[in-house]
Amino acid sequence: MNTKESVVRLSQVTKRFGQSVAVDQLDLDIGEGSFFSLLGPSGCGKTTSLRMIAGFETPDEGDVFIRGQNVTRIVPHKRDFAMVFQNFALFPHMSVAENVAFGLKMTGVGKAEREQRALEALAMVRLPQFADRYPKQLSGGQQQRVAIARAIVMRPAVLLLDEPLGALDKNLREEMQVELRSLQQDLGIATVFVTHDQEEALTLSDTIAVMRDGRIEQSGSPSDVYERPVNRFVATFLGASNLLRGRILGTGKTARIDASGIAIPLGDATGKDGDEVEIAIRPERMSVQPQGAAGVPAVIKAIVYKGATVSLYCDASGEERVVFVPGGHPSLIGLKTGASVVLNFDPAHAVPLRSE
Amino acid sequence: MRGLLIALTGFSYVVVLLPILIVVVTAFSASEFFAFPPKGFSLRWFEAFFASDSMRGAFSRSLQIATIASILATVLGTMASIAIARRKGTLFNLVQGMFIAPLIFPAIVLGLSLLIFYKSIGGVPDFLGLVIAHSVLGLPFVVRSVTSSLLAVDPALEEAGQSLKASPVDVFIFIIAPLIWPGMLAGGIFAFILSLGELNTALFLTGPGVTTLPIEIFSYLQFQGGQLVIAAASAIQVFMIIAIVLIAERLIGLKRIVRSE
Amino acid sequence: MGSGLSMNRQTAFWALLAPPLLFVGIFFVVPLLNLFWVSLHGASSTELFGSNLSGENYYRILTDSFYHTIILRTLWAGMSIMLLCLVLGYATAYVIAPLPPRTRLIMLLLLVAPLMVSNVIRAYGWIAILGRQGVVNSMLRSTGLIDGPLLLLNSFEAVAFGLMTILLPYMVVSIVNALNSIDRQYIEAAQSLKANPVRSFIYVVWPLSSPGVASGTLLVFLLTLSAYVTITLLGGPRMKLLVSLVFDSVSGFRWPLAAALSFALLTLALVVAGLILALLRPGRVQGRG
């Protein structure tokens, strides 16, 4: 294991709460400067994993390493990390500057230096003029920035973010995503980010790990995970997918889709002749064609206008299929609910899924 | 209907406040015996109060007992609250119930049980015995008010402190204590006031030469009749309580004072 | 293992809990168990209690009609005070509760502050008002309505009235809290369903305020049981309730009897508390069935 480069490493970590297993033999390796997201539905174990890195939870089995040191049995305040909490957890009785300088005070940094560094950190999140205010006097977005400043001022080995954008409204969230990402890149701090918001994970991460039931289902770059989901869970949790049934042909290099007869390359997936296989296609990779063209015949059930895109909900012999078409696209002209169309896609965009 | 309700309300305020007002006003009377309205104004009964060794002694003893008992109750109650405030389960409910129980427990039973207990273990000095009894009685006020302060503290603040390298002791000093001190103060003030006026355990636990002011007033009323020096003694206690309430209002706000009873 | 291990948490928990737990255990629970133990013995002229286990004290309380009279009188006093407090307290709370927060707080403070004044002073106030030379008698005499002083003290009524005024604030505070925690939408919902004010009170406000009524009546009754000083000062030497008997036994050094009477008093407290809870069922609006 390349412990030299990894900032945080979890090795075979298991955590149980009573009967239920929250985290199940988890392995993680987070490299220097990387932005790593743990993405999954609530209860998938992502927050527990983060809290084990921080030391707020102790694993039942396995080890946690920060910069190569085994910290499994070390209390939180002696570990090298900083954290931004879900509701920011700013100390209400301290001014913004005192909040940011608190960690430095605890580590024995002198008064002058910690005031200096607190101001620098506040400048980095563009809030230097708020140093003397109290958290209650700030907006949600400003509180968020103070929380980030309070964490980065510590120059930690790893920055832990526990759904830090969840408490903000949608517009602010997008703004903060961009800011958070550029700040993290400027500082080059390895970051672990926990979220259930797929869009956030896609926007921010170098690596996304999709979790379910205490295990990682798939991890990789955002485009990898989005474009090549390995199984049905990932394909449907991260974005929407149309799931088609198919059958493997001959040597196992291609599969034929039951409904349309289109052959698609299997890639890494393997199987023998005649095996059933599930195939995912993203709604934006499907196209609608007029009746008579090649593809799967379908009837439009609903047309939902979403501004940038239009979602078409279609019925293809009893199966629901979704197609996202860019708003104003020529293929939309004349389409009405109840119209018969043909759905088609480029076989290169079809992803065969591993059975679960 | 509305008129009747307001009349009843007015009656409530009169019967609650009038007796105290009358006592305070009478304390400034210049006459030898009780008369209302008082004839003349003087401080002679206050002078008499401080000239009487037994009254003055009881007064200062009451203050000492109340001070020590309320500090003890505040320290113990805060410790207990921090340990169990956020814990759930039958066992913790039971433990919490044990700390709160003296609040509604018939205090004379507590007084008698302590008296017999002290005798069983070979005797306890009266002063100490009273301090212990009043601490037990003050504890529920502290536990209740500190617990509610603690529950208002976001638990993530403690973790935020740890994430910023604060040890458990630092977390208490810099984060928890500044946020719950109004609760501690409110609880402590109530324990103090309660001790100052307490009768039911003091009746059993005071001994010859070691009485508290309320017991001193009680025995005067029982055996020496209506000397106005007790009006002065009462007025002094009322003034002290008014002063404490005013200070507390400054420090912890009106809401906490009203809610703590 | 050195410092900085996470098992510290457990140690810290016990270090915090042990001192208060021991304190309450030693000075509240143990004395109470000891009291029960004492109550199970006969009297002794030299020791605290006799050497033989016996139920004679309880037998006496259960069979002697003297005790029955006192217990019934205690119950009657408790009930009357409770009811008086309930009527006055509910009316007062009903007027105070809807006031603006600041005014409400001040109105409540005027009732809560007297609770901090020792009961002996508050009882003394009533002696000053109702006594032979008291305010009422001197006013009546000066207007010539009466010749000799009216005897307003040393009676059951004086005790009930005096205690009622002393305990009333507890009732008001409990009910104000309950009334203020009622969501106004319930009352509006009742009105939208064509309930007139009386009906919306009977079917909505009263049941929803039952937790406050329960805790208020409970507190008033329990405090009545202990109020020896008030009872003695306003009731005089012949007005005895259960608590007076406990004191009389102590003055006579009959420790086991005093102990047994204490437990009779505790039993009374528990029974009435149970009755109040069964009658008002405050749990139903607190989400515990």
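Let's start with a sheet in chain A. It is open, it has five strands, and the order is β13-β12-β11-β14-β20, with antiparallel pairing. The edges are β13 (263–265) and β20 (351–353) of chain A; each has a single partner strand, so one side of each has no neighbour in the sheet. From one strand to the next, the twist averages 45 degrees.

Before I go on: this is a predicted model. Everything I quote is computed from it.

Now inside that sheet. Take strand β11 (residues 242–249) and strand β14 (residues 276–281) of chain A. They pair in the antiparallel sense, over six bridges.

Next, another sheet of chain A. Six strands here, again an open sheet. The order is β6-β7-β8-β3-β9-β10 (chain A), and the pairing is mixed. Which strands sit at the edge? They are β6 (81–84) and β10 (215–220) of chain A, and each pairs on one side only. Neighbouring strands are turned by 20 degrees against each other on average, direction ignored.

A helix packs on this sheet. That is α4 (residues 140–152) of chain A, and it touches β6 and β7 (158–162) of chain A. The direction of α4 makes about 175 degrees with that of β6(A).

β9(A) and β10(A) are antiparallel, with five bridges. One pair to click on: A:Ile208, with A:Gly220 of β10(A) as its bridge partner.

Still in chain A, move on to strand β16 (residues 296–305). One is β19 (residues 340–345) of chain A: antiparallel, joined by four bridges. There, A:Pro297 stands opposite A:Val342 of β19(A). The other is β17 (residues 309–316) of chain A: antiparallel too, over six bridges. Here A:Val304 faces A:Ser311 in β17(A).

β16(A) and β17(A) form a hairpin, with three residues between the strands. What phi does A:Gly307 take in that hairpin? A positive one, near 85 degrees.

Chain A as a whole, then. It has eight helices and 20 strands. Its C-alpha atoms fill a box of roughly 80 × 45 × 35 Å along the principal axes. There are 356 residues, and 42% of them count as buried. On contact order: take the contacts in chain A with a separation of 6 or more. Residues 24 or more positions apart account for 63% of them.

Over to chain B. The domain assignment gives domain 1 (1–42) and domain 2 (53–260). Their C-alpha centres lie 29 Å apart. How many residues are in contact between the two? Eight from domain 1 of chain B, seven from domain 2 of chain B. On the domain 1 side, six are nonpolar, two are polar and no residue is charged.

One helix pair in chain B is worth a stop. Helix α2 (residues 44–51) and helix α11 (residues 229–252) of chain B pack with their axes 8 Å apart. The angle is about 85 degrees. That falls in the range of 65 to 115 degrees, so α2(B) and α11(B) are roughly perpendicular to each other. From α2(B), the contact uses B:Trp45, B:Phe46, B:Ala48 and B:Phe49. From α11(B), the residues are B:Val229, B:Ala231, B:Ala232, B:Ala233 and B:Ile236. By class, that contact is nine nonpolar, no polar and no charged.

Last topic: the chain interfaces.

Chain B with chain A. The contact takes 15 residues from chain B and 17 residues from chain A. On the chain B side, the elements giving two or more residues are α7 (155–163) and α8 (168–197) of chain B. The largest share, six residues, comes from α7(B). That side of chain B splits into eight nonpolar, three polar and four charged.

Chain C with chain B. Here 69 residues of chain C are in contact with 68 residues of chain B. Which helix gives the most on the chain C side? Helix α1 (residues 8–39) of chain C, with 17 residues. By class, the side of chain C that touches chain B has 58 nonpolar, 10 polar and one charged.

That's the tour. Happy to take questions.

How values were computed: Residues are numbered from 1 along each chain as its sequence is written. Chains are lettered from A and ligands numbered from 1 in the order in which they are written. This is a predicted model: local features need pLDDT of at least 70, side-chain atom pairs count only at pLDDT 80 or more; totals for chains, interfaces and linings use all residues. Ala, Val, Leu, Ile, Met, Phe, Trp, Tyr, Cys and Pro count as nonpolar, Asp, Glu, Lys and Arg as charged, and the others, Gly among them, as polar. Axes are lines fitted to C-alpha atoms, for helices over the stretch in contact, and angles run from 0 to 180 degrees between N-to-C directions. Angles under 35 degrees count as roughly parallel, over 145 as roughly antiparallel, 65 to 115 as roughly perpendicular and the rest as oblique. Two strands pair if DSSP finds at least two bridges between them. A residue is buried if 20 or more other C-beta atoms lie within 10 Å of its own, exposed if 12 or fewer, and partly exposed in between; C-beta atoms are placed from the backbone. Domain bounds come from an automatic or database domain assignment.
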